[in-house]
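Hello,

Please find the structure below, with the sequence. My notes on it follow.

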Amino acid sequence: RHPDRSVVMLRLASALLLVWSRPTGALSRSLPTTTMSAAPSARPAWTTLSKQLQSITHLGRARAVLEWDQLVMMPHADDASAGRGAQISALASVLHEKETSPALMSAIEAAESEDKLAGEVATLSEEQRIRATIREAKRSFEMEAKLSADLAERRAALGSEAYNTWTK
(Lines give C-alpha, C1' and ligand atoms only; values in the text may rest on other atoms or scores of the structure.)
Protein backbone atom coordinates (compact mmCIF):
# COMPACT_ATOMS: atom_id res chain seq x y z
CA ARG A 1 0.00 0.00 0.00
CA HIS A 2 1.29 3.45 -0.84
CA PRO A 3 0.71 6.38 1.51
CA ASP A 4 -1.13 9.38 0.14
CA ARG A 5 0.78 12.48 -1.00
CA SER A 6 0.29 14.47 2.21
CA VAL A 7 1.75 11.66 4.32
CA VAL A 8 4.79 11.45 2.03
CA MET A 9 5.29 15.22 2.18
CA LEU A 10 5.03 15.20 5.97
CA ARG A 11 7.55 12.36 6.18
CA LEU A 12 9.87 14.20 3.80
CA ALA A 13 9.71 17.39 5.86
CA SER A 14 10.36 15.43 9.06
CA ALA A 15 13.24 13.57 7.48
CA LEU A 16 14.92 16.71 6.22
CA LEU A 17 14.54 18.36 9.60
CA LEU A 18 16.06 15.39 11.39
CA VAL A 19 18.89 14.78 8.94
CA TRP A 20 20.01 18.38 8.57
CA SER A 21 19.63 19.38 12.21
CA ARG A 22 22.04 16.77 13.49
CA PRO A 23 25.25 18.15 14.99
CA THR A 24 27.45 15.53 13.33
CA GLY A 25 28.76 15.89 9.86
CA ALA A 26 28.67 19.69 9.99
CA LEU A 27 31.56 19.82 7.59
CA SER A 28 29.84 17.70 4.98
CA ARG A 29 26.72 19.91 5.11
CA SER A 30 28.45 23.28 5.11
CA LEU A 31 30.98 23.00 2.32
CA PRO A 32 29.71 22.60 -1.23
CA THR A 33 31.83 20.40 -3.48
CA THR A 34 32.36 23.19 -5.99
CA THR A 35 34.00 25.43 -3.40
CA MET A 36 36.36 22.69 -2.34
CA SER A 37 37.37 21.70 -5.85
CA ALA A 38 38.46 25.18 -6.88
CA ALA A 39 42.02 24.89 -5.58
CA PRO A 40 44.80 27.10 -6.85
CA SER A 41 47.66 25.06 -8.30
CA ALA A 42 50.13 27.10 -6.23
CA ARG A 43 48.69 25.54 -3.07
CA PRO A 44 49.45 21.80 -3.04
CA ALA A 45 48.55 21.38 0.65
CA TRP A 46 45.15 22.97 -0.04
CA THR A 47 44.64 20.59 -2.98
CA THR A 48 45.37 17.60 -0.74
CA LEU A 49 43.05 18.86 2.00
CA SER A 50 40.23 19.63 -0.43
CA LYS A 51 40.37 16.08 -1.85
CA GLN A 52 40.06 14.62 1.65
CA LEU A 53 37.20 16.98 2.48
CA GLN A 54 35.40 16.04 -0.73
CA SER A 55 35.58 12.37 0.23
CA ILE A 56 34.14 13.17 3.67
CA THR A 57 31.43 15.30 2.07
CA HIS A 58 30.40 12.51 -0.30
CA LEU A 59 30.21 9.97 2.55
CA GLY A 60 28.14 12.40 4.61
CA ARG A 61 25.75 12.89 1.72
CA ALA A 62 25.46 9.13 1.21
CA ARG A 63 24.58 8.78 4.89
CA ALA A 64 21.95 11.53 4.52
CA VAL A 65 20.39 9.66 1.58
CA LEU A 66 20.23 6.45 3.63
CA GLU A 67 18.64 8.33 6.53
CA TRP A 68 16.17 10.06 4.25
CA ASP A 69 15.22 6.75 2.63
CA GLN A 70 14.70 5.16 6.03
CA LEU A 71 12.56 8.02 7.26
CA VAL A 72 10.45 8.52 4.14
CA MET A 73 10.36 5.46 1.91
CA MET A 74 11.10 2.34 3.94
CA PRO A 75 8.39 0.29 5.56
CA HIS A 76 8.42 0.59 9.33
CA ALA A 77 9.01 -3.12 9.89
CA ASP A 78 11.53 -3.95 12.60
CA ASP A 79 13.73 -6.10 10.36
CA ALA A 80 13.95 -3.47 7.59
CA SER A 81 14.67 -0.72 10.10
CA ALA A 82 17.29 -2.78 11.89
CA GLY A 83 19.05 -3.52 8.60
CA ARG A 84 19.07 0.11 7.55
CA GLY A 85 20.20 1.11 11.04
CA ALA A 86 23.16 -1.25 10.72
CA GLN A 87 24.05 0.29 7.35
CA ILE A 88 23.85 3.83 8.71
CA SER A 89 25.84 2.83 11.77
CA ALA A 90 28.60 1.25 9.67
CA LEU A 91 28.78 4.31 7.43
CA ALA A 92 28.86 6.59 10.50
CA SER A 93 31.84 4.64 11.80
CA VAL A 94 33.72 4.99 8.49
CA LEU A 95 32.83 8.67 8.31
CA HIS A 96 34.03 9.25 11.87
CA GLU A 97 37.34 7.53 11.10
CA LYS A 98 37.88 9.80 8.10
CA GLU A 99 36.80 12.92 10.01
CA THR A 100 39.27 12.20 12.82
CA SER A 101 42.15 10.62 10.93
CA PRO A 102 45.69 11.82 11.63
CA ALA A 103 46.10 12.26 7.86
CA LEU A 104 43.27 14.81 7.82
CA MET A 105 44.78 16.74 10.74
CA SER A 106 48.15 16.73 8.96
CA ALA A 107 46.50 18.06 5.81
CA ILE A 108 44.75 20.79 7.83
CA GLU A 109 48.01 21.81 9.50
CA ALA A 110 49.86 21.82 6.17
CA ALA A 111 47.14 23.96 4.58
CA GLU A 112 47.26 26.35 7.55
CA SER A 113 51.04 26.66 7.21
CA GLU A 114 50.69 27.19 3.48
CA ASP A 115 48.06 29.85 4.14
CA LYS A 116 50.34 31.67 6.58
CA LEU A 117 53.11 31.68 3.97
CA ALA A 118 50.70 33.25 1.50
CA GLY A 119 50.32 36.09 3.99
CA GLU A 120 47.82 38.86 3.83
CA VAL A 121 48.67 39.76 0.23
CA ALA A 122 45.93 37.66 -1.31
CA THR A 123 42.51 38.96 -0.28
CA LEU A 124 40.53 37.68 -3.24
CA SER A 125 37.24 36.00 -2.53
CA GLU A 126 38.70 32.60 -3.50
CA GLU A 127 41.45 33.02 -0.92
CA GLN A 128 38.86 33.96 1.69
CA ARG A 129 36.87 30.80 0.89
CA ILE A 130 40.00 28.70 1.24
CA ARG A 131 40.79 30.24 4.63
CA ALA A 132 37.22 29.73 5.81
CA THR A 133 37.28 26.11 4.65
CA ILE A 134 40.52 25.44 6.50
CA ARG A 135 39.08 27.03 9.66
CA GLU A 136 35.87 24.99 9.37
CA ALA A 137 37.77 21.77 8.67
CA LYS A 138 39.87 22.27 11.78
CA ARG A 139 36.83 23.10 13.93
CA SER A 140 34.93 20.08 12.64
CA PHE A 141 37.96 17.83 13.19
CA GLU A 142 38.32 19.02 16.78
CA MET A 143 34.62 18.44 17.49
CA GLU A 144 34.57 14.95 15.96
CA ALA A 145 37.85 13.97 17.66
CA LYS A 146 36.12 14.39 21.02
CA LEU A 147 33.85 11.41 20.18
CA SER A 148 35.05 7.85 20.12
CA ALA A 149 34.35 5.82 17.00
CA ASP A 150 32.19 3.51 19.12
CA LEU A 151 30.09 6.42 20.35
CA ALA A 152 29.62 7.80 16.82
CA GLU A 153 28.51 4.37 15.62
CA ARG A 154 26.18 3.83 18.60
CA ARG A 155 24.65 7.29 18.16
CA ALA A 156 23.80 6.53 14.52
CA ALA A 157 22.33 3.13 15.41
CA LEU A 158 20.25 4.53 18.27
CA GLY A 159 18.97 7.37 16.10
CA SER A 160 17.73 4.86 13.59
CA GLU A 161 16.18 2.66 16.26
CA ALA A 162 14.56 5.62 18.02
CA TYR A 163 12.88 6.80 14.82
CA ASN A 164 11.47 3.34 14.18
CA THR A 165 10.10 3.21 17.73
CA TRP A 166 8.66 6.71 17.43
CA THR A 167 6.74 5.87 14.24
CA LYS A 168 5.01 2.84 15.76
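**L91 and its surroundings**

Not counting residues up to four places away in sequence, L91 touches L59, A62, R63 and L66. The model is a predicted one, and what follows was computed from it. L91 sits in helix α5. With a relative accessible area of 15%, L91 is buried, because the cut-off for that class is under 20%.

At 7% relative accessibility, S89 counts as buried. Leaving aside neighbours within four places in sequence, its contacts are E153, A156 and A157. These three residues are among those of α8 that meet α5.

Helix α8 runs over residues 149–167. The axes of α5 and α8 come within 8 Å of each other and cross at roughly 155°. Angles over 145 degrees count as roughly antiparallel, so that is how α5 and α8 lie to each other. Their crossing is right-handed.

On the α5 side, the residues in this contact are D78, S81, R84, G85, I88, S89, A92, S93 and H96. On the α8 side they are A149, A152, E153, A156, A157, S160 and N164. By type, the residues of the contact divide into six nonpolar, seven polar and three charged.

**The largest nonpolar core**

Nonpolar side chains tend to be buried together in soluble globular proteins. In this model the largest nonpolar core has 16 residues. Those that touch the most other members are W46, L49, L53, L104, I108, I134 and F141. At least two residues of this core come from each of α4 (44–72), α5, α6 (102–118) and α7 (125–145).

**The chain as a whole**

There are eight helices and zero strands in the chain, giving the pattern α-α-α-α-α-α-α-α along the sequence. The chain has 168 residues, of which 37% are buried. Among contacts in the chain with a separation of 6 or more, 77% are between residues 24 or more positions apart.

Regards

Conventions. Residues numbered from 1 in each chain as written. Predicted model: local features only at pLDDT ≥ 70, side-chain atom pairs only at ≥ 80, totals over all residues. Heavy atoms only, no water. Buried < 20%, exposed > 50% of the residue type's maximum accessible area, 1.4 Å probe, protein only. Contact = heavy atoms within 4.5 Å. Helix = DSSP H or I, 4+ residues; strand = E, 2+ residues; numbered from the N terminus. Axes fitted to C-alpha atoms, helices over the stretch in contact; angles between N-to-C directions. Parallel < 35°, antiparallel > 145°, perpendicular 65-115°, else oblique. Left-handed = near helix turned anticlockwise from the far one by under 90°. Nonpolar A, V, L, I, M, F, W, Y, C, P; charged D, E, K, R; others polar. Core = buried A, V, L, I, M, F, W, Y, C linked by side-chain atoms within 4.5 Å.
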